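Here is a short tour of one protein model, written for reading alongside the structure. Keep the viewer open and follow each part as it comes up.

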Amino acid sequence: MGYRKKSVVTVHDLAIYMHPEWFPSGQFFSRRFVVPASVHRASKIIAVSHSTKRDLQDIFAVPSEKIAVVHEGVEPPPPDAWEQNPAFKNPYLLFLGTIEPRKNVEGLVRAYASLVERFPKIVGDTELVIAGSRGWKSEKTFAAIRNANRSFGSERIRVLGYVPEKEKYSLTAKAKAFIFPSRYEGFGLPVL
């Protein structure tokens, strides 16, 4: 906060201002002082999406001309990235992302469990694979996973934890579907 020269700030999202309940406590100083001061003192702000730009304007009343929208991107995978075979014998649906409230993984688990219960012939042996690091406030999600697997009588929902970048390509390519039920994203990089 003591830096007084020209600066450019990149804002990925402002979810903590709209849904503070999704985040760990102890963010008061940053949320109340650091972020607003950084945004107002910046010479220019890079927003990763038009949605984030609107949030900056709505929450902090930042003038439109001060914000440049620069979309995020990814490097293309190496040619052999798609060739690895995930170690699953059954077909699977894939969620890839941090396991935290705003990603709505708990809702995904409930939806999958409901599909298995209501449409067992359609779902067949298709499993749900959840790949990603454990984030804050994830206890309820892991409890929902344990309860669902207990009700199935088997581990139909698999939690892989963190997956290295080079393994994400084949894991995604071999999935029947990629599911991203997030409640809020500044950009939604996992989809890209």
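## Two helices side by side

Val105, Glu106, Val109, Tyr112, Ala113 and Val116 in H4 meet Lys140, Thr141, Ala144, Ile145, Ala148 and Phe152 in H6. By type, the residues of this contact of H4 with H6 divide into 9 nonpolar, 1 polar and 2 charged. Please keep in mind that this is a predicted model.

Helix H4 covers residues 105-118 and helix H6 covers residues 139-152; their axes come within 9 Å and cross at roughly 15 degrees. Angles under 35 degrees count as roughly parallel, and H4 and H6 are therefore roughly parallel to each other. The crossing of H4 and H6 is left-handed.

## The four-stranded sheet

Which strands make up the open sheet of 4 strands, and in what order? The order is S6-S5-S4-S7, and the pairing is parallel. Strand S6 (157-161) and strand S7 (177-178) are the edge strands, each pairing on one side only. H4 packs on this sheet and touches S4, strand S5 (127-131) and S6, with its direction at about 170 degrees to that of S5. H6 packs on the sheet too, touching S5 and S6, and its direction makes about 140 degrees with that of S6.

Strands of a sheet pair through backbone hydrogen bonds, either parallel or antiparallel. The table lists parallel pairs in the model, including one from the other sheet.

| Strand pair | Bridges | A bridge partner pair |
|---|---|---|
| S5 and S6 | 4 bridges | valine 129 and arginine 158 |
| S4 and S7 | 2 bridges | leucine 94 and phenylalanine 178 |
| S2 and S3 | 3 bridges | isoleucine 46 and alanine 68 |

## The three-stranded sheet

Now turn to the open sheet of 3 strands, which has the order S1-S2-S3 and parallel pairing. Its edge strands are strand S1 (8-11) and strand S3 (67-69), and each of them pairs on one side only. On average, neighbouring strands of this sheet are turned by 25 degrees against each other, direction ignored. Strand S2 is made of residues 44-47. Helix H3 (residues 50-60) lies across S1, S2 and S3, and runs at about 165 degrees to S3.

## The whole chain

Stepping back, how many helices and strands does the protein have? There are 7 helices and 7 strands, and along the sequence they follow the pattern β-α-α-β-α-β-β-α-α-β-α-β-α-β. The C-alpha trace spans about 60 × 40 × 25 Å along its principal axes. Of the 192 residues of the protein, 38% count as buried. Among contacts between residues at least 6 apart in sequence, 74% join residues at least 24 apart.

Conventions. Residues numbered from 1 in each chain as written. Predicted model: local features only at pLDDT ≥ 70, side-chain atom pairs only at ≥ 80, totals over all residues. Heavy atoms only, no water. Axes fitted to C-alpha atoms, helices over the stretch in contact; angles between N-to-C directions. Parallel < 35°, antiparallel > 145°, perpendicular 65-115°, else oblique. Left-handed = near helix turned anticlockwise from the far one by under 90°. Contact = heavy atoms within 4.5 Å. Nonpolar A, V, L, I, M, F, W, Y, C, P; charged D, E, K, R; others polar. Pairing = 2+ DSSP bridges. Buried < 20%, exposed > 50% of the residue type's maximum accessible area, 1.4 Å probe, protein only.
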